[in-house]
Amino acid sequence: KSDKELTFEIGSNSDLILENTITGNLKWTIENFANTQKGYLTFPTKFDMVDDILSLNHNGKVIVRVSVNPEEIINKVEFGTSRLKGRIEAINKLKQADYKVGILIAPVIFLDNWKDLYEELIKYLYENLSESVKKDVFFEVIFMTYSFVHRAINTEAFPTTQDLYDKEKMTGRGMGKYTYKPEYKKEGEQFFKEKLKKYFPSNEIK
């Protein structure tokens, strides 16, 4: 009944591309939503197994947002997810299948060499995305928010992994949550605006 087109986020609780390899739920959802008169569906993913949805009649109503990070961070933090190269190939395939696509640079983690890592990532995206993707892809940049619960779970599940809590750069925010201090977020925001403008001057940062 809305006067305007609404976009529904359906990927808040799990990675639907991964889940679809077991349930097939994503195929069912896309095919059924394609018949609606208004609105869009959107979801994020860190996986490249998109072949199962490429041939679907989605009617232009699905926005897939692929999350990327520098390979070093994927290796250290994003265990079990797809490699950067595979994710970029998935973006190109989705666009070729006429899906609307976005790129999440997330979560941004301020390691000591973060500027080098993320500029290299943005340059790598520019060099490997198809021209049709570069024409109208949009970006989202999300800085890491961490919590006491995440830290406890990660320490137990992955005892050899890097501790993401940085006492110098992070501050408390709400009950048991940590976020980067304002000066680091401001520096990060300026950096990403500058670098994305350099390589993707015509693309929106949402």
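With a relative accessibility of 48%, N59 counts as partly exposed in this predicted model, and its phi is near 60°, a positive value in a residue other than glycine. N59 is located in the loop that lies between helix 3 and strand 3 (62–68). A positive phi, of about 70°, is also found for D98, although this residue is not a glycine. D98 belongs to the loop between helix 5 (84–96) and strand 4, and at 59% relative accessibility it counts as exposed, because the cut-off for that class is a value over 50%.

Strand 4, which spans residues 100–108, contains P107. The peptide bond that leads from A106 to P107 is cis, and its omega is near -10°.

Turning to helix 1, which comprises residues 16–23, the buried residues include L16, I17 and N20. These residues lie on the same side of helix 1, because the arc that they cover around the axis is only 95°. In general, an α-helix has 3.6 residues a turn, so residues three or four places apart point the same way. Among the elements that cover the buried residues of helix 1 are helix 2 (25–33), strand 2 (40–45) and helix 3 (51–54).

As for the ends of this helix, the N-terminal end of helix 1 is capped by D15, of which a side-chain oxygen lies 3.2 Å from the backbone nitrogen of I17; I17 is also one of the buried residues of helix 1. Helix 1 is followed by G24, for which phi is positive and near 75°.

Methods. Residues are numbered from 1 along each chain as its sequence is written. This is a predicted model: local features need pLDDT of at least 70, side-chain atom pairs count only at pLDDT 80 or more; totals for chains, interfaces and linings use all residues. Side-chain values use heavy atoms; hydrogens and water are left out. Buried means under 20% relative accessible area, exposed over 50%, partly exposed in between (1.4 Å probe, protein chains only). Helices (H or I, at least four residues) and strands (E, at least two) are DSSP runs, numbered from the N terminus. The arc is that of the directions from the helix axis to the C-beta atoms. Contact means heavy atoms within 4.5 Å. A polar contact is a pair of N or O atoms within 3.5 Å; within protein, one must be able to donate a hydrogen and the other to accept it, and residues adjacent in sequence count only if both atoms are side-chain atoms.
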